[in-house]
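The sequence and the structure come next.

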Amino acid sequence: MIGAPGVRPAPGAAPGRPVKVAHVVLSLNVGGLERVVLRLLDRMARDRFAPVVCALEEPGALAEELARLGVPLVVIPRGPGLDPGLPVRLAAWLRREGIRLVHTHNPGPHLYGALAAGFARAAALLGGAGPRVVHTKHGRNYPKEKRKVLVNRLAAALTDRVVAVSDDARAVALEVEHVDPAKVVTILNGVDTDVFRPGDAGAARARLGVPATGYHVGCVARLSPEKDHATLLDAFARLCAVRPDARLTLIGDGSERPALEAQAARLGLGGAVVFAGTRGDVAELLPAFDVFALASLTEGISLTLIEAAAAGLPIVATRVGGNPEIVLEGETGLLVPPGAPETLAAALEAVAVRGDRAEMGLRGRARVMERFGLDRMARAYEDLYDEVLGG
């Protein structure tokens with residue numbers, strides 16, 4: 001209850017009312033960004049902050065989770081291309097709903113949300129303070145594309161704080177987008193280590209319908225070009241030449257699935273590769289794997305890597321983005337260059353024969369519990385909200 005001993009009301013909240021916070025996203029389709037948003041909503045102190053989600057495209061497959069969390073959803077659709085009317089429509093909604101803080105996620109929502117908050121503040125000059133803006137930079141956001149860099153820079157100029165989810169994302173914000181250093185903070189993504197934890201490998205393999213024996217490589221990622229499953233399949237084919245007992249399970253779906261299935265057939269992998277599709281029981285399935293592999297060409301900071309480490313799995317991943325912040329080379333896993341199937345195959349084989357493979361995974365879990373806890377993430381965002389709102 002607001003005002004109760006030990007409970008701190010959020011700055012700017014009316015007596016007895018939590019501050020309204022709007023999370024602006026494209027949608028809540030399956031992805032790491034979307035799961036971070038949902039977990040933040042789940043752990044945010046509701047006696048201090050009242051969240052609502054605003055989608056600019058569609059609700060998305062994960063939107064049904066909002067009902068369980070008791071979080072409202074509104075869709076304010078953007079038009080094709082650049083939609084100059086969207087910030088105006090968003091600003092009217094922010095004013096109508098009494099939103100005090102706009103929290104945007106990734107570039108498109110950042111630009112529209114920051115402009116809308118600026119319009120709402122201008123309209124509120126005679127009627128009280130308008131909304132402040134926090135933006136989470138979930139990835140690297142195309143640092144080599146000048147136009148997108150300029151858009152990000154413009155949006156950041158209209159934003160109170162930019163949150164980087166990794167040191168790598170922070171470096172892009174500072175060194176490429178030239179965001180004011182006083183605005184940039186780092187808050188690492190968090191996972192629930194009570195949910196993602198070591199488990200019964202036999203039961204997990206039975207759940208997946210894969211053999212109980214053999215060296216099992218797993219990957220959880222969208223089947224999209226930047227995840228580079230093609231290199232992972234090439235590497236796995238090389239691994240099979242020296243480890244005939246090897247199996248590969250790919251959890252996730254996406255535009256690349258037909259091409260990847262055709263590639264697996266060309267490589268003669270047959271029943272050694274399982275395309276498991278999108279699954280809602282990833283935490284229960286991770287213990288089925290002996291090693292977790294990720295061949296991404298680019299990453300912000302991979303939520304699936306953090307989840308795999310929390311489940312006690314050794315990891316083989318590409319040395320891109322924030323991956324080295326999760327995987328400690330030689331201690332919790334191995335890092336390889338992107339687009340190098342021979343090196344990836346050698347790393348997977350090296351992990352298979354390591355006597356301390358299980359200990360690698362446990363060291364990875366200990367690192368997650370120390371740095372990537374879910375409650376730690378939620379409290380850091382609450383403190384940031386307080387700071388931006390004037391607490």
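Buried means under 20% relative accessible area, exposed means over 50%, and partly exposed is what lies in between, with a 1.4 Å probe and protein chains only. Helices (H or I, at least four residues) and strands (E, at least two) are DSSP runs, numbered from the N terminus. The model is predicted: local features need pLDDT of at least 70 and side-chain atom pairs count only at pLDDT 80 or more, while totals for chains, interfaces and linings use all residues. Residues are numbered from 1 along each chain as its sequence is written, and side-chain values use heavy atoms, with hydrogens and water left out.

## Enclosed helix

The buried residues are Leu303, Thr304, Leu305, Ile306, Glu307, Ala308, Ala309 and Ala310. Their packing partners, with contact meaning heavy atoms within 4.5 Å, are helix 1 (32–43), strand 8, strand 11, strand 12, helix 12 (323–326) and helix 14 (357–371). After helix 11 comes Gly312, which has a positive phi near 80 degrees.

For the packing on helix 14, axes are lines fitted to C-alpha atoms, for helices over the stretch in contact, and angles run from 0 to 180 degrees between N-to-C directions. The axes of helix 11 and helix 14 come within 7 Å and cross at roughly 115 degrees. On the helix 11 side the contact involves Ile306, Ala309 and Ala310, and on the helix 14 side Gly361, Gly364, Arg365 and Val368. By class, this contact of helix 11 with helix 14 has 4 nonpolar, 2 polar and 1 charged residues. Here Ala, Val, Leu, Ile, Met, Phe, Trp, Tyr, Cys and Pro count as nonpolar, Asp, Glu, Lys and Arg as charged, and the others, Gly among them, as polar.

## Sheet

Two strands pair if DSSP finds at least two bridges between them. An open sheet is formed by 6 strands in the order 10-9-8-11-12-13, with parallel pairing. Strand 10 (273–277) and strand 13 (333–336) are at the edges and have a single partner strand each, so one side of each is left without a neighbour in the sheet. From one strand to the next, the twist averages 20 degrees.

Within this sheet, strand 11 (residues 291–294) and strand 12 (residues 315–318) run parallel and are joined by 3 bridges. Phe292 has Ile315 in strand 12 as its bridge partner. Helix 13 (residues 341–353) lies across strand 8 (216–220), strand 11, strand 12 and strand 13, and runs at about 170 degrees to strand 13.

## Aromatic pairs

Rings of Phe, Tyr and Trp (its six-membered ring) pair if their centres lie within 6.5 Å; planes under 30 degrees apart count as stacked, over 60 as edge-to-face and the rest as tilted. A search of the whole structure finds 2 aromatic pairs. Phe49 and Tyr385 are an edge-to-face pair, 5.3 Å centre to centre with 75 degrees between the planes. Phe49 belongs to strand 2 (residues 49–55) and Tyr385 to helix 15 (residues 374–389), so the pair ties together parts that are 336 residues apart in sequence. The rings of Tyr381 and Tyr385 have centres 6.5 Å apart and planes at 55 degrees, so this pair is tilted. Both Tyr381 and Tyr385 lie in helix 15, 4 residues apart, about one turn of the helix. Phe49, Tyr381 and Tyr385 form one aromatic cluster.

| Residue | Relative accessible area | Class |
|---|---|---|
| Phe49 | 1% | buried |
| Tyr381 | 2% | buried |
| Tyr385 | 1% | buried |

## Cysteines

How many disulfides does the structure hold? With a disulfide taken as a pair of cysteine sulfur atoms within 2.5 Å, the structure holds 0. Cys219 is in no disulfide, and the nearest cysteine sulfur, that of Cys240, is 15 Å away. Cys219 counts as buried at 2% relative accessibility, and Cys240 as buried at 17%.

## Loop residues with positive phi

Asn106 is not a glycine, yet has a positive phi of about 80 degrees. Asn106 sits in the loop between strand 4 (101–105) and helix 4 (107–123) and counts as partly exposed at 22% relative accessibility. Asp228, also not a glycine, has a positive phi of about 50 degrees. Asp228 is in the loop between strand 8 and helix 8 (229–242) and counts as buried at 12% relative accessibility.
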